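Work through these exercises with the structure open. Try each task before reading its solution.

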Amino acid sequence: MDETGTSVAFRGGGFAPKSRRWVGVVVFVALVLFVEWGTRAGWISSLSLPRPSDVFETFRQLYDSGLLFKHLGPSLSRLTVGAILGASVGISVGILIGLFSYVRSGLVPLVAAIFPIPKIALLPLFVIWFGIGEGSKYALIAFGTFTPTVVATYGAVDNVDRTLIRMGQSFGLSWWSIVRKIVLPGAMPGILSGLRISLAIAIILLVAAEMLGAEYGIGAYILEAGSLYDLERLFAGVVILSLLGVLVSGVIGMAERRLLGWRT
Amino acid sequence: MLAPLISCKRSMMDIRLDGIGHSYDDFEVMRDISLDISSGQIVCIVGPSGCGKSTLLRFIGGLERPKLGRVLQLGEPPAGCLNPLTYIFQDFALLPWRSVSGNISLVLEDHGIKGAAADKIIEDVLARTKLSDFAKALPKQLSGGMKQRVAIARALAVKPAVMLMDEPLSALDSQTRELLMDDLVELWTRQPFTAVYVTHNLAEAVRLGHRVVVLSRRPGKIREVVDIDKPLAAREFGDADLEKTQKYLWQLMRDEARAADAELLHG
Ligand SMILES: Nc1ncnc2c1ncn2[C@@H]1O[C@H](COP(=O)(O)OP(=O)(O)OP(=O)(O)O)[C@@H](O)[C@H]1O
Ligand SMILES: [Mg+2]
């Protein structure tokens, strides 16, 4: 036997992404610095991209003048009310579709028909139904969150391990107990990952909802800046939406860690 | 004077299968199965793959209805019995989001047993399955053998009259299987229970069965019923007379299994 054998090459790594929080920050900061450098050096024209430091300055002014919270307040309440409405109705309908054959046969085609409609196109309809005030904005956001939530939820219910449901029945658990203690927790991973998508869509629709008759709101602010080609303010608004997106995704991540710690 | 005696006799629950037959669409799965399962006995069901063992067990537990024949429950389940016919599944069927004790309390909650009363039962069944130290653990932290012991503890918690076990040990390695068989024998010796035990493994059948029912290939019929008189506690790994019975059972099954295999191959 040769004493100086080569050690077996390791080839079992990868395919198991872990959360490295600071990497995201580094990528973000690097990108901003890169653009800052480009705009200062002149090889990015100030017409094509605003200078990040100017955007930050605009943001600071917005904050100092107190306008930031004047815009953020209504937007957050529209987002919260609309998303909670849409997501809760969506989860309930999704569970009903997952549990009852008639509901499934009746609603799945309907949901499939509604899903591809750009909800923005229906904005005039919502204005007629719910008025130009907050009602139509809630409705638009709720409607937009509803469809992806339904689809994700009934898919998640379908994926609940049937043997666990059989187990529940074999121990004589009531129907309601099986739904509450087996189906719902079992569908939770799918529901939460569906919410990630639905809530991002809710933020997208926020801007659309504020196209009509909104004096204050992040969406209104962005649209106004856009129509004036005021890139600094446009970007300041966009940054707020992005931060909102990061925040929502962080909250869902927290919920996942809390609720889904049992996953292997 | 006679009344208590009768009620005592009544508290035994036997199961009678009366001419069970079944087909899925035109696909006949089993034919004319009649069998008595008397209380305090472990009845093992063996047979080639696809002969309808799992289906038969689902009939006995009321999870599915046979097209022909009836499953009868003779007598009343003993007092305090929460779920007369209780399954132990091959894949354990534990809720991964509940701890060991949570999985057991799951089946008590619906009977209104909560708090201290539930804790007492959980403590008792965990002690009987040697799991007391793992009450707070999640299923993902347990080995396969421990998971199946949790499932056994959960079944014991509802004080079943009859336990229905579908290949409960076949997902486990052979050492764990031996240990769990010892555990089952110990549990039975301390307090005899009735069980229908479906298995592929003839060694398990001769170790645990008071009777072994051999089914033919599909459509499953009863090929032979073999009684094993030796008490469970006296049986040991590699007993000569058990080996003989096992060999006999294998002879009965071999041709069936071979034919079943060929049928599966040719559709
Ligand atoms: N719901 C069903 N619909 C149609 N066919 C079924 C259904 N359940 C079982 N079968 C068929 O019935 C036959 C018996 O199935 P069963 O699972 O009872 O066999 P088994 O004896 O338990 O097999 P194994 O030893 O592989 O577990 C199989 O051929 C199977 O394909
Ligand atoms: Mg089977």
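**Exercise 1: the shell of ligand 1**

The largest share of the shell around ligand 1 comes from helix H2 (residues 53-61) of chain B, with three residues. Helices (H or I, at least four residues) and strands (E, at least two) are DSSP runs, numbered from the N terminus. This is a predicted model: local features need pLDDT of at least 70, side-chain atom pairs count only at pLDDT 80 or more, and totals for chains, interfaces and linings use all residues. Residues are numbered from 1 along each chain as its sequence is written, while chains are lettered from A and ligands numbered from 1 in the order in which they are written.

Task: list the residues around ligand 1 and sort them by class.

Step 1. Use the cut-off: a residue is near a molecule or strand if its C-beta atom, placed from the backbone, lies within 6 Å of it.

Step 2. Read off the shell. Around ligand 1 are Tyr24(B), Val29(B), Gly47(B), Ser49(B), Gly50(B), Cys51(B), Gly52(B), Lys53(B), Ser54(B), Thr55(B), His200(B) and Arg218(B).

Step 3. Sort. Ala, Val, Leu, Ile, Met, Phe, Trp, Tyr, Cys and Pro count as nonpolar, Asp, Glu, Lys and Arg as charged, and the others, Gly among them, as polar. The shell has three nonpolar, seven polar and two charged residues.

Step 4. Follow Arg218(B) along the backbone. A cis peptide bond joins Arg218(B) to Pro219(B), with omega about -5 degrees. Pro219(B) sits in the loop between strand E8 (211-215) and strand E9 (222-227) of chain B.

**Exercise 2: where the chains meet**

Task: describe the side of chain B that touches chain A.

Step 1. Count contacts. Two residues are in contact if their C-beta atoms, placed from the backbone, lie within 7 Å. On that basis, 17 residues of chain B are in contact with 16 residues of chain A.

Step 2. Find the elements. Strand E5 (85-88) and helix H3 (100-109) of chain B each supply at least two residues of this side.

Step 3. Sort by class. This side of chain B has 11 nonpolar, three polar and three charged residues.

**Exercise 3: helix pairs in chain A**

Task: find how helix H6 (residues 134-158) and helix H8 (residues 175-209) of chain A are oriented.

Step 1. Take the geometry. Their axes come within 7 Å and cross at roughly 155 degrees. Axes are lines fitted to C-alpha atoms, for helices over the stretch in contact, and angles run from 0 to 180 degrees between N-to-C directions.

Step 2. Name the orientation. The crossing angle makes H6(A) roughly antiparallel to H8(A). Angles under 35 degrees count as roughly parallel, over 145 as roughly antiparallel, 65 to 115 as roughly perpendicular and the rest as oblique.

Step 3. Sort the contact. It has 19 nonpolar, nine polar and one charged residue.

Task: do likewise for helix H2 (residues 52-64) and helix H10 (residues 231-259) of chain A.

Step 1. The two pack at about 75 degrees, with axes 8 Å apart. H2(A) and H10(A) are therefore roughly perpendicular to each other.

Step 2. H2(A) brings Asp54(A), Val55(A), Thr58(A), Phe59(A) and Leu62(A) to the contact, and H10(A) brings Glu232(A), Arg233(A), Phe235(A), Ala236(A) and Val239(A).

Step 3. These divide into six nonpolar, one polar and three charged.

**Exercise 4: two domains of chain B**

Task: state the domain bounds and describe the contact between the domains.

Step 1. Chain B is divided into domain 1 (39-66 + 160-260) and domain 2 (96-158). The bounds come from an automatic or database domain assignment.

Step 2. The C-alpha centres of domain 1 and domain 2 of chain B lie 25 Å apart. Nine residues of domain 1 are in contact with six residues of domain 2.

Step 3. Helix H6 (residues 174-190) of chain B gives the most to the domain 1 side, with four residues. That side has eight nonpolar, one polar and no charged residues.
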